[in-house]
Amino acid sequence: MANATGLSAPEVAASMGLILAALVEAAALLGNSGLLVVVLRTPGLRDALYLVHLCVVDLLAAASIMPLGLLAAPPPGLGRVRLGPAPCRAARFLSAALLPACTLGVAALGLARYRLIVHPLRPGARPPPTLVLTAVWAAAGLLGALSLLGPPPAPPPAPARCSVLAGGLGPFRPLWALLAFALPALLLLGAYGSIFLVARRAALRPPRPARGSRPRSDSLDSRLSILPPLRPRPPWGKAALAPALAVGQFAACWLPYGCACLAPAAQAAAAEAAVTWIAYSAFAAHPFLYGLLQRPVRRTLGRLARRALPRSPRACTSRAWHPRTLLQRLQRPPEGPALGASEAREQGRDLTGRESLSMSEAT
């Protein structure tokens, strides 16, 4: 098929990679923009500032380094655009600064959730989010400055190597990888591991009997209701879902990039396009992983969706025929004024008089 259309196998692979990369960038832009709007509309969200910071970092990456990956990736990458010395250094700095800002921001979000779940009654032990995010950006700026100490870009006939993997950091590449990926991974693993242990301990704890509860009867139905199910499920299975998803997504997206940073420059340059876009897919996965898994965010999203969608005219009339609404209307007292005893007797006399007159007229 490739020979019939005149395209070789590497060109077909590059075209498919370009399509997938464009889809990842569109998902990152739309998902983070939508989550940012929903988080700003959700009242009482405890980790709102960390989520806003994560959305902003993802949007900055989707607007800067992801288009550069589409246009100026070196062969056999996705694009064929060559950058000059100054744009190449700018691309190096953005990549070396935004990637640690994202990973450290995810680790800060995990630590904030750990403090909210494990130590909910100790607000003094929580540092302010502004101080934490300031430290995150200071560390990201220092790691980005390491890219300026690397070797200068190559002259135009040779590939420029403007990325972090292809010699952008020089001898500082292992140090950058340890601080940008190994440290956030350890923090995230410790935070979500502690959350899982606390949730598992709470799920395995037997429930306390309520005050004033009546003892269970000795009937056959009561005996059957306390029997264990045929396939018992672990009570901590649901508690392990969120930590497993967070740690698994971080490892799947960032572990190949971190290992490539520790590899020799020639091998890292050969696998640059694949591991780079696997890492960039984290920007598209964050809105669904850290946004839609929270119940307040889902409620706000549903409320905004109901406001945006047009309502049918039958929605108002069908509610009047709801059984609960009909029962409430039947139970209402009569709207007319109540009659006294004398008024009731007079009304009865009038009715009997009218009945006698109607009977005489009929005869």
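**View 1**
Leu20 is exposed, its relative accessible area coming to 53%, and exposed here means over 50%. This is a predicted model, so take every value below as computed from it. Leu20 has its place in helix H2, which covers residues 9-41. Which residue is 257 positions from Leu20 in sequence but 9.2 Å from it in space? That's Trp277, with the distance taken C-alpha to C-alpha.

Is Ala191 buried or exposed? Ala191 counts as buried, at 2% relative accessibility, because the cut-off for buried is under 20%. Ala191 is found in helix H8, residues 173-204. Set aside the neighbours within four places in sequence, and Ala191 is in contact with Gly110, Leu111 and Tyr114. For the pair Ala191 and Tyr114, the C-alpha atoms are separated by 5.6 Å, while the residues are 77 apart along the chain.

**View 1. Helix H5 against helix H6.**
Here we have H5 (residues 85-118) and H6 (residues 129-145), whose axes come within 8 Å and cross at roughly 150°. Angles over 145 degrees count as roughly antiparallel, and H5 and H6 are therefore roughly antiparallel to each other. Their crossing is right-handed. On the H5 side, the contact is made by Phe93, Ala96, Ala97, Leu98, Pro100, Ala101, Leu104, Gly105 and Ala108. H6 brings Val132, Val136, Trp137, Ala139, Ala140, Gly141, Leu143, Gly144 and Ala145. Sort the residues of this H5 with H6 contact by class and you get 15 nonpolar, three polar and no charged.

**View 2. Helix H5 again, now with helix H12.**
H5 also packs with H12 (residues 272-290), at an angle of about 25° and with the axes 12 Å apart. How do H5 and H12 run, roughly parallel or roughly antiparallel? Angles under 35 degrees count as roughly parallel, so H5 and H12 are roughly parallel to each other. H5 passes H12 in a left-handed crossing. Ser95, Leu99, Cys102, Val106, Leu109 and Arg113 of H5 make the contact with Tyr280, Phe283, His286 and Tyr290 of H12. By class, that H5 with H12 contact holds seven nonpolar, two polar and one charged residues.

**View 3. Helix H3 alongside helix H6.**
Back to H6, this time with H3 (residues 48-63): the axes of H3 and H6 come within 10 Å and cross at roughly 25°. H3 and H6 are therefore roughly parallel to each other, and the crossing of H3 and H6 is right-handed. Which residues make the contact between H3 and H6? From H3 there are Leu49, Tyr50, His53, Val57 and Leu60, and from H6 there are Pro129, Thr130, Val132, Leu133, Val136 and Trp137. The class count for H3 with H6 is nine nonpolar, two polar and no charged residues.

**View 4. Two of the annotated transmembrane spans.**
An unreviewed UniProt entry places the feature "transmembrane region" at residues 12-38, 50-73, 93-111, 131-149 and 175-199. Zoom in on residues 93-111: the span is 100% helix and 0% strand, and its end C-alpha atoms lie 27 Å apart. Then try residues 175-199, where the chain is 100% helix and 0% strand and the end C-alpha atoms are 35 Å apart.

**View 5. Zooming back out to the chain.**
How many helices and strands are there in the protein? The count is 16 helices and zero strands. Of the protein's 363 residues, 33% count as buried. Look at contacts between residues at least 6 apart in sequence, and 80% of them join residues at least 24 apart.

Technical notes:
Residues are numbered from 1 along each chain as its sequence is written. This is a predicted model: local features need pLDDT of at least 70, side-chain atom pairs count only at pLDDT 80 or more; totals for chains, interfaces and linings use all residues. Side-chain values use heavy atoms; hydrogens and water are left out. Axes are lines fitted to C-alpha atoms, for helices over the stretch in contact, and angles run from 0 to 180 degrees between N-to-C directions. Helices (H or I, at least four residues) and strands (E, at least two) are DSSP runs, numbered from the N terminus. Angles under 35 degrees count as roughly parallel, over 145 as roughly antiparallel, 65 to 115 as roughly perpendicular and the rest as oblique. A crossing is left-handed if the near helix is turned anticlockwise from the far one by less than a right angle, and right-handed if clockwise. Contact means heavy atoms within 4.5 Å. Ala, Val, Leu, Ile, Met, Phe, Trp, Tyr, Cys and Pro count as nonpolar, Asp, Glu, Lys and Arg as charged, and the others, Gly among them, as polar. UniProt positions are given in the numbering used here, feature names are shortened, and annotations may be inferred rather than shown by experiment. Buried means under 20% relative accessible area, exposed over 50%, partly exposed in between (1.4 Å probe, protein chains only).
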